[in-house]
Amino acid sequence: MQTPSHRCRWASLPSPSVREAASMYGTAVAVFLVILVAALQGSAPPESPFPYRIPLDPEGALELSWNVSYSQEAVHFQLLARRLRAGLLFGMSDRGELENADLVVLWTDGDSAYFADAWSDRKGQVHLDAQQDYQLLQAQRTPEGLALLFKRPFATCDPKDYLIEDGTVHLVYGILAEPFQSLEAINTSGLQTGLQRVQLLKPDVPTPAVPSDTRTMEIRAPDVLIPDRETTYWCYITELPQDFSRHHIVMYEPVITAGNEALVHHMEVFQCAAEFDSFPHFSGRCDSKMKPDRLKYCRHVLAAWALGAKAFYYPEEAGVVFGGPGSSRFLRLEVHYHNPLHLKDRRDSSGIRLYYTATLRRFDAGIMELGLVYTPVMAVPPRESSFVLTGYCTDKCTQLALPRSGIHIFASQLHTHLAGRKVVTVLVRDGREREIVNRDNHYSPHFQEIRTLKKVVSVHPGDVLITSCTYNTQDREQATVGGLGTEDEMCVNYVHYYPRTELELCKSAVDAGFLQKYFHLVNGFNSQDVCTCPQASVPEQFASVPWNSFNRDVLQALYGFAPISMHCNKSSAVRFQGQWNLQPLPEIISTLEEPTPQCPAIQCPSPAGPTVVSIAGSKS
């Protein structure tokens, strides 16, 4: 994310007209802090109130709301603390760690209250940031608790600060239960802490109009007793009415049971395969041995929601086909419950509300899979910090399968399994990378949602779509192969587009014959035999590879030059006619430059210390 050069930030900060605070550290029974700061000049952007809101902690004691100002290239935060004791810390880090985190801290030493931009080192020790980029705009006591209003630029060019960019952001928080004499006395290891994942930089796109004849349907799992375990995936099968005619879904939104906002992490609605006349009804854990095997054929995504997301709208000219001939009446709802406190006796009936119309729009919207085929020939060696695998949708496939006018991608859902760390899809035209379709540099497999793109991406016949995934296998001793299992890996971008075409899957994998040449090659360079016998499976062959630097580098090189097998498939899973094996990798003659933040031309002097608030003497 780039920020333009500007005048010294601190010279232009507004000064308060009135500043008050109250702090009290009680006896051994209760510790609390109350701050009251009068409104400052130039506080929130004019588009307040804050449209996005999430609970930070499982009990809902901390609630974050925010607004994105693209004109100012800044995020305005409102942090509500309902049961504040002696302070809190809030911030961002690469993967949700409290170490090496970019923080803002509110604390008291028992006499005075302080607010400061800070950072933590690799041991969790908190330090004052030399460049104070979090700007406190207002602190106000409300009937619900203490509300802090502050802002921070997307990019600060401070090496201790997190770069706020498109994609997933791992938010971290900590609760201070007692006063600290100084900021440097705080260590995150001794605090009650947690993390929450969100997309902070929501796209600034207009909301399409909803047709007047729109009807709604709620897909909800009835009266689920949430298991008292940290992670639960709950599956529920329901069905549409008999003779439900063809409709278009034009919008959907979450329906969360009151009081469970912090427990419902994400939800998806899948449509089952049309070739089956019926599916058994089921409501239970998705990993239950009682789950009917046929449910694995309910994989076509109709709707997906994750914490922090609002309603999802389809473009005014397109909608998702729902009901009618060739469409299954059976739907599967999957709800991910996140219950780290192992709360008991919590019942839930959350789900997704679909908005649909019988007045069909001009175009059917479609979903296309980009990336890698689910096959073990694509593998990640163990103990890797950032191993990249790439899948291709080639010019040959798009030339054959796309209409002359092309297609228009308006949303995207990225997907890997547990080792995935980054995902990006790039559009290539005439050998040149033209634009990013979607990128997530802090991707988490635990936070997957359909995201509206900031800009519709048009794909023409002859274009190439390249999807790359970065994996971390430092905690694994064996190679991780591609496949459907949780411990296997995937690299997929489900792109949502219109008009719908016959092309449903445009993915690749390395040619299997060239992979066998790799196994024969490493066999000749290692004292330990690598299984190359015909009856051995590819996972067995990878399991026998001694993973030294040579074998890793050769595998990476193989994936970078060997021909590929293309899957240019119709919705019937049949490939388009043509020769799709031993296809050359697309030739790329120019690549996009990585965006880099632009630092201010004039370096600004930073405040000497944290914002100090004098004791007003009031009591709470």
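The model is predicted, so local features need pLDDT of at least 70, side-chain atom pairs count only at pLDDT 80 or more, and totals for chains, interfaces and linings use all residues. Residues are numbered from 1 along each chain as its sequence is written, and side-chain values use heavy atoms, with hydrogens and water left out.

- Let's start with strand 17, residues 247-255. Strands here are DSSP runs of E with at least two residues, numbered from the N terminus.
- Eight of its nine residues are buried, so strand 17 is largely enclosed by the rest of the structure. Buried means under 20% relative accessible area, using a 1.4 Å probe and protein chains only.
- Strand 17 runs antiparallel to strand 25 (residues 351-357), and seven bridges join them. Two strands pair if DSSP finds at least two bridges between them.
- Across from Val 255 you'll find Gly 351 of strand 25.
- Strand 22 (residues 318-322) also pairs with strand 17 in the antiparallel sense, over three bridges. Here His 247 has Phe 322 as its bridge partner.
- Strand 21 (residues 312-313) is antiparallel to strand 17 too, with two bridges. Tyr 313 of strand 21 stands opposite Met 251.

**Rings and charges**

- Rings of Phe, Tyr and Trp (its six-membered ring) pair if their centres lie within 6.5 Å; planes under 30 degrees apart count as stacked, over 60 as edge-to-face and the rest as tilted. That rule gives 23 aromatic pairs.
- One of them joins Phe 312 and Tyr 314 edge-to-face, with 5.1 Å centre to centre and 80° between the planes.
- Phe 312 is buried at 5% relative accessibility, and Tyr 314 is buried at 1%.
- Ring pairs link a cluster that includes Phe 312, Tyr 314, Tyr 252 and Phe 363.
- Arg 332 lies over the face of Phe 270, 4.3 Å from the ring centre. A charge sits over a ring if NZ of Lys or CZ of Arg is within 6 Å of the ring centre and within 35 degrees of the ring normal.
- Lys 517 lies over the face of Phe 514, at 4.3 Å from the ring centre.

**Gln 583 in its loop**

- Gln 583 sits in the loop between strand 38 (564-570) and strand 39 (611-613).
- Gln 583 counts as buried, because its relative accessible area is 13%.
- Leaving out residues up to four places away in sequence, Gln 583 touches Lys 396, Pro 563 and Ile 564. Contact means heavy atoms within 4.5 Å.

Key
Helices (H or I, at least four residues) and strands (E, at least two) are DSSP runs, numbered from the N terminus. Buried means under 20% relative accessible area, exposed over 50%, partly exposed in between (1.4 Å probe, protein chains only).
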